[in-house]
Amino acid sequence: PVSYGAHINIYEGQALAVLHNKVVTDLLGPGSYRATMEDLPGFAAAADWREGAASMELLFVRTTPSATLRWGLASGATVQTKDHGPLTIRAYGRCALCFHDIGAIIHRFARLDIPSTLELEQRFARIVAGRFAEALEDLSNEKDGDVAAFLSDLDLLRDSVAPHIRDTIQGSGLRMLRFQIENLTVPLETGIRPTSSRTQTLAGVILPTPAP
């Protein structure tokens, strides 16, 4: 239980979610607070709390950008091409994320149990990989399967799919700050050889932060 009037300190790069029965009632940014009705009005209303100690769940969330995460299409993805028909391709790369909507993150990933950092990173990487596969399919449909030029140029492909990935993952409460394609494998018989302008480093770009 948290004592009434107890100090709550939240440091820069953090946010605090206060939960009652697994539901977020208050979100607090950096600063100094007290466990009172005035500072936690959502919890006070939900728990009918007026005074005395209260059982509340305090979940501190890091709001700074994540470390660089690896994503990959381990099982491959099928893309329709004009000259080669359906192709199964594999790709992997890196990305950097931050939390866009903490309430949505907790609702989706922490309603029952609080996942570990590794579990969260793995889930986020799967989300990015899944959205990459969706973006490839959308690109193929948009170009009537004529996507060989995109598969050959990782820079062009990255620039074409990154906005789709960025926009769709916002629904999961995430904001993508960087998206990189390090490698893309296409069946050898197609003659397609994916390259980038920075073949010896990474095919990466800093994405502009969307307007709030």
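Tutor: Let's start with a term: a residue is buried under 20% relative accessible area, exposed over 50%, and partly exposed in between. With a relative accessible area of 47%, E137 is therefore partly exposed. Keep in mind that this is a predicted model.

Student: Where does E137 sit?

Tutor: E137 is part of helix α3.

Student: How many residues does α3 have, and how far does the helix reach?

Tutor: Helix α3 has 26 residues. From its first C-alpha to its last, α3 reaches 37 Å, close to the 38 Å expected at 1.5 Å a residue.

Student: Which residues of α3 are buried?

Tutor: Among them are L120, F124, I127, V128, R131, F132, A135 and L139. An α-helix has 3.6 residues a turn, so residues three or four places apart point the same way.

Student: What comes just after α3?

Tutor: D144, with a positive phi of about 55°. D144 is not a glycine, and its place is the loop between α3 and α4. D144 counts as exposed because its relative accessibility is 66%.

Student: Which other residue has a positive phi without being a glycine?

Tutor: K22 is one, with phi near 70°. K22 lies in the loop between β2 and β3 and is partly exposed, at 40% relative accessibility.

Student: New topic: the core. Which residues touch the most other members of the largest nonpolar core?

Tutor: W71, L97, F124, F132, L157 and F179, out of 38 residues in that core. Elements that each supply at least two residues include β6, β8, α3, α5 and β9. The most comes from α3, which gives 10 residues. In soluble globular proteins, nonpolar side chains tend to be buried together.

Student: What does W71 touch?

Tutor: Leaving out residues up to four places away in sequence, the contacts of W71 include Y92, C95, A125, V128, F132, F179 and I181.

Student: How many aromatic pairs are there?

Tutor: The structure holds six aromatic pairs. In one of them, the ring centres of F132 and F179 are 6.1 Å apart and the planes are at 35°, so the pair is tilted. F132 is in α3 and F179 in strand β9, so this pair ties together parts that are 47 residues apart in sequence. Both F132 and F179 are buried.

Student: Which residues form an aromatic cluster?

Tutor: Y4, F43 and W49 form one. F43 also belongs to another core, of 14 residues, which lies apart from the largest one. V2, V18 and L40 are among its other members.

Student: Is V18 buried or exposed?

Tutor: Buried, with a relative accessible area of 0%. V18 is in strand β2. Neighbours within four places in sequence aside, V18 is in contact with residues including V23, V24, L40, F43, M56 and L58. E57 is another contact of V18; those two are 39 residues apart in sequence but 5.8 Å apart in space, C-alpha to C-alpha.

Student: How accessible are C95 and C98?

Tutor: C95 is buried, with a relative accessible area of 1%. C98 is buried too, at 11% relative accessibility.

Student: Last one: what does the side chain of D155 make a polar contact with?

Tutor: The side chain of R158, at 3.2 Å. D155 lies in helix α5 and counts as buried because its relative accessible area is 13%.

Technical notes. Residues numbered from 1 in each chain as written. Predicted model: local features only at pLDDT ≥ 70, side-chain atom pairs only at ≥ 80, totals over all residues. Heavy atoms only, no water. Buried < 20%, exposed > 50% of the residue type's maximum accessible area, 1.4 Å probe, protein only. Helix = DSSP H or I, 4+ residues; strand = E, 2+ residues; numbered from the N terminus. Polar contact = N/O pair within 3.5 Å; in protein donor to acceptor, adjacent residues only side chain to side chain. Phe/Tyr/Trp six-rings, centres within 6.5 Å; stacked < 30°, edge-to-face > 60°. Core = buried A, V, L, I, M, F, W, Y, C linked by side-chain atoms within 4.5 Å. Contact = heavy atoms within 4.5 Å. Expected span 1.5 Å × (residues − 1).
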